[in-house]
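Sequence and structure go here, then my notes.

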Amino acid sequence: MAESLSKKMGKGIFWKFFEKIGTELIALVVSIILARILLPEDYGVVVICSIFIAFFSIFFNHGLNQALIRKQNTDDVDYSTVFYTEVALSVFFYFVIFFLAPVFASFFNTKNIELLTVVIRVIALRIPILALSSVQSSIISKKLEFKKFFYISLVGTILSGVVGITMALKGYGVWALVVQSLTNSFVDMIFLFILSKWLPKLTFSFSRLKELSLIAYKYFLVGLIDTIYEKLRELIIGSKYTLAELSYYNQGKKYPRLLATNVNGALAGVLFPAFSSISNSKERLKKEARKMLILMSFILFPCILGFAVIGESFIKLVLTEKWLFALPFLYIYLTVALFSPIHAITRQILKVEDGKAFLIVDLIKKGIGLVALLVSLWFGVIYIALSSMIVAFINLIFNLILNQKYIGYKVIEQLKDFVPSLLLSFVMSALLVLISFIPMAYYLVMILQIIVGVIFYFVFSKVFKLKGRNLLLSSIKSLTKKDAKN
């Protein structure tokens, strides 16, 4: 059983990773094309709208659907009860946003309040669309069928990208981004219905809703705190500074998030249901946590440090020089991303081991972050970003200690598991810096840096026998073989 779960987790991580990274790469191409066509101010409008969508989406991403995954024995009564509850909530939330949109729009530093009001009302349609497919997403996650998420996201991203680019080329401006977002959500919903093979039944249980709510509220509160904390910086920048500055901040943050947040999302999406199934064995939890930390560090660290070296060339080449003001934010959030593997694993361990501690620890971390934010907001947007980096380092210390406390994963063991990949990545990035002095066109230098970096990292990871390399190769190899038990 342990072997079967380990294989399921390996396959799950692979497909969840490629669902996140693969589809995000396509989304990145679409975003790059749109960024070259549209103005930073257009992006600023959509970033503002995403703040409200993210807040109301917590109810469907971090609430009852998480309880469905956590509960050991679920049936159609549970699923249908959650489905009808979430749909009713989503309709209520949409009308709240619709009628309060002018109030929300007036809060931000923009001259076109009327446009922002209409955009908020239209893009908020994503909320009921999300609610309609939340249960289906939970069912697929619970079964660890993450390959389905990959195909769903792939189709949605491609179709919505075509729609967005077409509208941008025809001069629709900010509406290209709005319709792209809605199309993506709608296509995802349709395919989640099809691939989950589940439809709501005409049944509802208040007792089941109460039972699931008692499980869900901790995850909901943490999701609420997370989202408020995450979006507070953008909220402050949008209200205190210009939409252009908000766009530069968001663009600089976007690409590190492509790496870190999506790796974390792959981890969280697989580890929570997998860890839940072995929550009665700390030894097995520690074993799987170690594997995931080694594997994710091996994948993530060279990507982050390599990207830091080619960052300026990347922006000039793919986004054009009008986006170079995003470069400082890119460096800052790449640094933050280095701490993300341990953060992701610790969160999933606490969710499984001690829901109350999960909430308390998150409150403490966010409290520290809030203090740093309140101090930094008076000095400029760059200092707001720097406060994230300081908080990420403090959180790293918390996470190392918590992993030791809850599953016996000692601090020295954690350091031994991720430091080798980090050191080799630093050496690789130093080599890439030297290559940058070669007198060639900057885009040719960037291509050379990428090729040399990949070759150097994989060759020397074999020379120094990094465990992450073996785990990566075995995970890929396992995907080519059918697991008889699956």
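**A serine in α17**

I checked S461 and got 0% relative accessibility, so I put S461 down as buried. I find S461 in helix α17, which covers residues 442-463. Leaving out residues up to four places away in sequence, I see S461 touching F298, L424, L466 and R469. A reminder to myself: this is a predicted model.

**Overall count**

I counted 18 helices and zero strands in the protein. Of the 486 residues, 55% are buried. I also looked at contacts with a separation of 6 or more, and 82% of them are between residues 24 or more positions apart.

**α5 against α8**

What angle do α5 and α8 make where they pack? I get about 15° between helix α5 (residues 113-123) and helix α8 (residues 174-196), with the axes 10 Å apart. An angle under 35 degrees counts as roughly parallel, so I call α5 roughly parallel to α8. The crossing of α5 past α8 is right-handed. On the α5 side I list L115, V118, V119, V122 and I123, and on the α8 side V174, W175, V178, S181 and L182. I sorted the residues of this α5 and α8 contact into nine nonpolar, one polar and no charged.

**α4 against α9**

Next I took helix α4 (residues 76-106) and α9, which pack at about 80° with their axes 9 Å apart. The range from 65 to 115 degrees counts as roughly perpendicular, and I therefore note α4 and α9 as roughly perpendicular to each other. From α4 I have V77, D78, T81, V82 and T85, meeting R208, L209 and L212 of α9. The contact of α4 with α9 divides into four nonpolar, two polar and two charged residues.

**Positive phi**

Most residues other than glycine have a negative phi. I went looking for residues that go the other way.

K197 is not a glycine, yet I read a positive phi of about 55° there. K197 is in the loop between α8 and α9, the latter being residues 206-240. Is K197 buried or exposed? I get a relative accessible area of 73%, so K197 is exposed.

K465 is not a glycine either, and I read a positive phi of about 55° for K465. This lysine is in the loop between α17 and α18, with α18 at 467-479. At a relative accessible area of 68%, K465 goes down as exposed.

I also noted G408, which follows α15 and has a positive phi near 70°.

**Length check on α15**

At 1.5 Å a residue, its 27 residues should span 39 Å, and I find the end C-alpha atoms 39 Å apart, which agrees.

**A cysteine in α11**

Last entry: C303, which I place in helix α11 (residues 282-319). What is the relative accessibility of C303? It comes to 36%, so C303 counts as partly exposed. I also took the C-alpha separation of C303 and P256: 9.4 Å, for two residues 47 residues apart along the chain.

Note on methods. Residues numbered from 1 in each chain as written. Predicted model: local features only at pLDDT ≥ 70, side-chain atom pairs only at ≥ 80, totals over all residues. Heavy atoms only, no water. Axes fitted to C-alpha atoms, helices over the stretch in contact; angles between N-to-C directions. Helix = DSSP H or I, 4+ residues; strand = E, 2+ residues; numbered from the N terminus. Parallel < 35°, antiparallel > 145°, perpendicular 65-115°, else oblique. Left-handed = near helix turned anticlockwise from the far one by under 90°. Contact = heavy atoms within 4.5 Å. Nonpolar A, V, L, I, M, F, W, Y, C, P; charged D, E, K, R; others polar. Buried < 20%, exposed > 50% of the residue type's maximum accessible area, 1.4 Å probe, protein only. Expected span 1.5 Å × (residues − 1).
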